[in-house]
Amino acid sequence: MAVAGGRRLTTHLLDQLRAAGTREVVSVTSLVHLAELARSAREPVLLVGDDVVAHTAVLRHVATVPGTASVALVLTDEPDAGPRATVIEDRGQVVAAGLEGITRLDGAASDPIGVFGAVLRVGPADLPALAESALAEAGRDEAAEAGPGRAVPPLDRLLTRLTARPTMILAHRARLLVARRVTSQPAADAAVRTVAAVDSDRAELRLAVKERDDLFTTYAVSTWSPYVTRLAARLGLSPTGVTVLSIVFAAGAAALFALGGNRIALVAGALLLYLGFVLDCVDGQLARYTRNFSAWGGWLDTMADRAKEYLVYAGLAVGVERAGLGNGWALAIAAILLQTVRHMTDTWYGALHDEAARRPKPAAAGGLGARLSQASTRVQADTGSVSYWLKRTVVFPIGERWALIALTVALFNPLVSLIAVLVWGGLAAAYTLALRTLRSASMRVPVLSTVDAVLHRDDGLLARPLGRFTARLPVPALPAAVLAGLAALGLLGAAVFGGPARWTVLPVALVVLLAALPSARPHAGALDWLVPAALRAAEYLLVVAVGLVGDVPPPLTFALLFALAMHHYDLTARLEKRAAAPPLHALNLGWDGRVVVLAAGTALGAATTVVGVLAGLLFLIFVLSAVIGWTSTGNRPGRTRGGDIDVIPALATVGRATEERSR
């Protein structure tokens, strides 16, 4: 088949792959050749079928999806019928693919929701599976038929084999841009005309905005932030540079909030906070628009989001105190504790859902949890409806938090703002925890068994050997962590209402440390995804209780909670990439080590010193870990194309036989 100017489609595709910024382009002549390429590759490989007509941007987008996971192009509007692999997508993953109908791993037949677009990026972890699949297909009849006289394209057969293995393949859609698979010259001509009719750059700018976002972000930010994104691109700003600007704006807002009763300062701070949030959206849009991703940038964005929010809480606390409105630090401490523990549950529930999408459904799954899951799926599918926006807003996402803070500060004062954050945040936490607990009980997915549970529990030098020594004891992980949290909460309640003696911290700390007993046991329970959040709650509540019992200045208690939050967000940021522990991780002492130090220091009358030293130590380790981790080989801050993909060593067209090979 030919495209514009009479050029062969295969030649055109090879030129497009070079234009997409690749270093090496190979035309694969056989599945054996592909297996050899997969075995020799050390970085992701992009495979493109020889029947694809698409914008160059589509190929670039699949190649540069952030992260190292495999990615498949999924089409939902395929006018040119042909032998294609149909796919099922769940939570952004291709969970099943088939040539004549799809049966999921649980044995249930499902209706396909799309067609494979013959563009597949295979991540490094899946390259051995690709090589094995290619050799297995090469051993079959290369003329395998999907219908009379119609051969199944090899790339479709490979996708079917890969989805039958324990691989994670993300689904990518050519939204706004055009991608077609063609089997005839008229179809190729029609596809070329469709591609030419779409302004690729304009579409890419619109694609830079998240397809689904929260209510405030969708209508108050994304309506005009793309213009800022385009301006930033023309000025040569990097996403990291925009992230730094957003930090400056948030810090300025916090400083103005700290002035307390000055109305002009509060209104100006609210405006700076809003603009800082716009920039927070722009940095991601700029990364997607320019395909300028990096592991460093993603990590920095995650850390900056949390640091900015908690810096604003501190500014509001100072403003409450300066205006004589009450105990602002107590409210800020409550806000940082609530929000951090909530974020921990959000992270692990998301990981649970992703894992559930790849697993067979339990045979006995049902009941209230299953019905809630079905109702949630229906609401999520009804994009733009009142119920859809209600569901997205009630959980109090970051856009709504920024909006609430800005409005309440500008119209009222910092005290009202902190109270509003606590009230809405508390209701949202109760709502999400209740529903997610019911839904996860029906899923029965042991997500913590798929990762380094000791790392993500944040166990230290005491919990690790103790857990190994008591591994045979029938102590379940979640009840032990919940008991620890209740013990710390009891001490906090006593400190608020009765002022217990310093030594009472010691027996409470011993109860909290009981959560270390099951650290080496499998965390395979349906609700064990709550263990990290429960441990965070226990430690943070103990920190607050120690602050009250030991008469620690509230700003110092807040500082320790801030440092702990950054340490724990660093762990959750690494969860997404299944990365190893951060450098110097052992120096953080673990939650158990910190509990021992806090309890001993308080009993000895040195709570203020211990809290201050711990806060400073954790901040120092956090900064040094970031510097060491991101300046080491392979992690240097800077521009990369596609998350952890520094280069794509080989991009190949896989078809019925091509002759060209080029570098």
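Begin by selecting helix 23, where 18 of the 23 residues are buried (under 20% relative accessible area, with exposed meaning over 50% and partly exposed in between, using a 1.4 Å probe and protein chains only), so this helix is largely enclosed by the rest of the structure. Helices here are DSSP runs of H or I with at least four residues, numbered from the N terminus. The model is a predicted one, in which local features need pLDDT of at least 70 and side-chain atom pairs count only at pLDDT 80 or more, while totals for chains, interfaces and linings use all residues. Residues are numbered from 1 along each chain as its sequence is written, and side-chain values use heavy atoms, with hydrogens and water left out.

Most residues other than glycine have a negative phi. Leu-584 is partly exposed, with a relative accessible area of 31%.

Next, select Asp-458, in the loop between helix 18 (453-457) and helix 19 (463-469). Its phi is near 70°, and Asp-458 is buried, with a relative accessible area of 0%.

Now go to Trp-348 in helix 13 (residues 328-358), a buried residue with a relative accessible area of 2%. Leaving aside neighbours within four places in sequence, Trp-348 is in contact (heavy atoms within 4.5 Å) with several residues, among them Val-447, His-456, Trp-529 and Leu-575. Trp-348 and Val-447 are 99 residues apart in sequence, yet 8.0 Å apart in space, C-alpha to C-alpha.

For helix 21 (residues 505-513), select the buried residues Val-505, Val-508, Ala-509, Val-512 and Leu-513. Seen down the helix axis, they fall within an arc of 140°, so they line one face of the helix; the arc is that of the directions from the axis to the C-beta atoms. What covers them includes helix 20 (477-497), helix 22 (531-549) and helix 24 (590-603).

Finish with the largest nonpolar core, which has 116 residues, those with the most contacts inside it including Phe-257, Trp-299 and Phe-558. A nonpolar core is a set of buried Ala, Val, Leu, Ile, Met, Phe, Trp, Tyr and Cys residues joined through side-chain atoms within 4.5 Å.

Definitions and conventions: Helix = DSSP H or I, 4+ residues; strand = E, 2+ residues; numbered from the N terminus.
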